[in-house]
Amino acid sequence: MTFFSPFFILLPSEMDFLLFFIPKNKLRLLVENADDSSVNLIYLEFNARDAPFYSFLLFKKQPSSRRKLPPMNALISCFYVMVGGGIGSVMRHLMGLSMSSLSRHFPLGTLCINILASFLIAFFGTLTLEEGYFPASENLRLFFMVGVCGGFSTVSSFSLQTLELWRAGSMEKALLNIFLTASLSMAGVCLGFLAAAYLNNVLKG
């Protein structure tokens, strides 16, 4: 009798259900020892009057519909990103305003913002690596690289302004904006990496 009880409770995790046959005289023991918190039991009796067995379908319990809260460290990292994103967005807005007079006929402000953001994310990211001269915590790196740089840079504005140039009939300016943004942003990120790597070597002696 004890053979059937652990077999009933320990349903393999990779299986959705299990079909097996149990003698009638074992039925009461199985039902009493069933773990209702982990499985559901559905049994079907054969139509034959003198059938000595029952057939069982053993199903895994459906997971609870209640949503689990994210771990505390994830909430803390989201807080860092949120604060950094707010700071970066305000910085972008202020820089855009300061360059508005130069961006009337070409989105020079957005171009400079994306170049600067590319430089800063590579410079800070390289300088604060574990093997860098100023190793930083993961939350601090998230704060600056994902939050500040993410809020400061703006691919969406670049895309919209390029589309507006194209719709206004300035196809040359639209293509130039695409070329300058892609090439100079890559130049900025490479320069930021090289500058930080050089600084790491100099400071470490």
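**Figure 1. Helix H3 and the helices that its buried residues pack against.** In this predicted model, the buried residues of H3 pack against H4 and helix H5, the latter formed by residues 138-152. The buried positions of H3 are Ser-77, Gly-84, Gly-85, Gly-88 and Met-95. H3 itself covers residues 72-98, which makes 27 residues. From the first C-alpha of H3 to the last, the helix reaches 40 Å, close to the 39 Å expected at 1.5 Å a residue.

**Figure 2. Ser-77 and Ala-74 in helix H3.** Both Ser-77 and Ala-74 lie in helix H3. Is Ser-77 buried or exposed? Ser-77 has a relative accessibility of 16% and, because buried means under 20%, it counts as buried. Leaving aside neighbours within four places in sequence, Ser-77 is in contact with Asn-139 and Leu-142. Ala-74 is partly exposed, with a relative accessible area of 25%.

**Figure 3. Thr-126 in helix H4.** Thr-126 lies in helix H4 and is buried, its relative accessible area being 11%. Ala-196 and Asn-200 are among the buried residues of H7.

**Figure 4. Helix H6 and its buried face.** Helix H6 consists of 13 residues, 155-167. The distance from its first C-alpha to its last is 18 Å, close to the 18 Å expected at 1.5 Å a residue. Which residues of H6 are buried? They are Phe-158, Thr-162 and Leu-165. Seen down the axis of H6, these buried residues fall within an arc of 60°, so they line one face of the helix. The face of H6 turned away from this buried side carries Ser-156 and Arg-167, which are exposed. Cover for the buried residues of H6 includes helix H4 (108-127) and helix H7 (171-204). Just after H6, Gly-169 takes a positive phi of about 90°.

**Figure 5. Met-171 in helix H7.** Met-171 lies in helix H7. With a relative accessible area of 35%, Met-171 is partly exposed. Its contacts, leaving aside neighbours within four places in sequence, are with Leu-165 and Trp-166. Leu-165 is one of the buried residues of H6.

**Figure 6. Helix H7 along its length.** H7 has 34 residues, which should span 50 Å at 1.5 Å a residue. The end C-alpha atoms of H7 are 49 Å apart, which agrees with that expectation. The buried residues of H7 are Ala-174, Asn-177, Thr-181, Ser-185, Gly-188, Gly-192, Ala-196 and Asn-200. Which helices do these buried residues of H7 pack against? They pack against H4 and H6. After H7 comes Gly-205, whose phi is positive, near 75°.

**Figure 7. Two cysteines, Cys-149 and Cys-190.** Cys-149 is buried, with a relative accessible area of 4%. Cys-190, in contrast, is partly exposed, with a relative accessible area of 39%. A disulfide is a covalent bond between the sulfur atoms of two cysteines. How many disulfides does a search of the whole structure find? The search finds zero disulfides.

**Figure 8. The whole chain, as a setting for the close-up views.** The chain contains seven helices and three strands. Starting at the N terminus, its elements run α-β-α-β-β-α-α-α-α-α. Of the 205 residues of the chain, 28% count as buried. The chain exposes about 14000 Å², and carbon and sulfur atoms supply 66% of this area. Among contacts between residues at least 6 apart in sequence, 67% join residues at least 24 apart.

Conventions:
Residues numbered from 1 in each chain as written. Predicted model: local features only at pLDDT ≥ 70, side-chain atom pairs only at ≥ 80, totals over all residues. Heavy atoms only, no water. Helix = DSSP H or I, 4+ residues; strand = E, 2+ residues; numbered from the N terminus. Expected span 1.5 Å × (residues − 1). Buried < 20%, exposed > 50% of the residue type's maximum accessible area, 1.4 Å probe, protein only. Arc of directions from axis to C-beta. Contact = heavy atoms within 4.5 Å. Disulfide = S-S within 2.5 Å. Areas by Shrake-Rupley, 256 points an atom, 1.4 Å probe, with all protein chains shown as cover.
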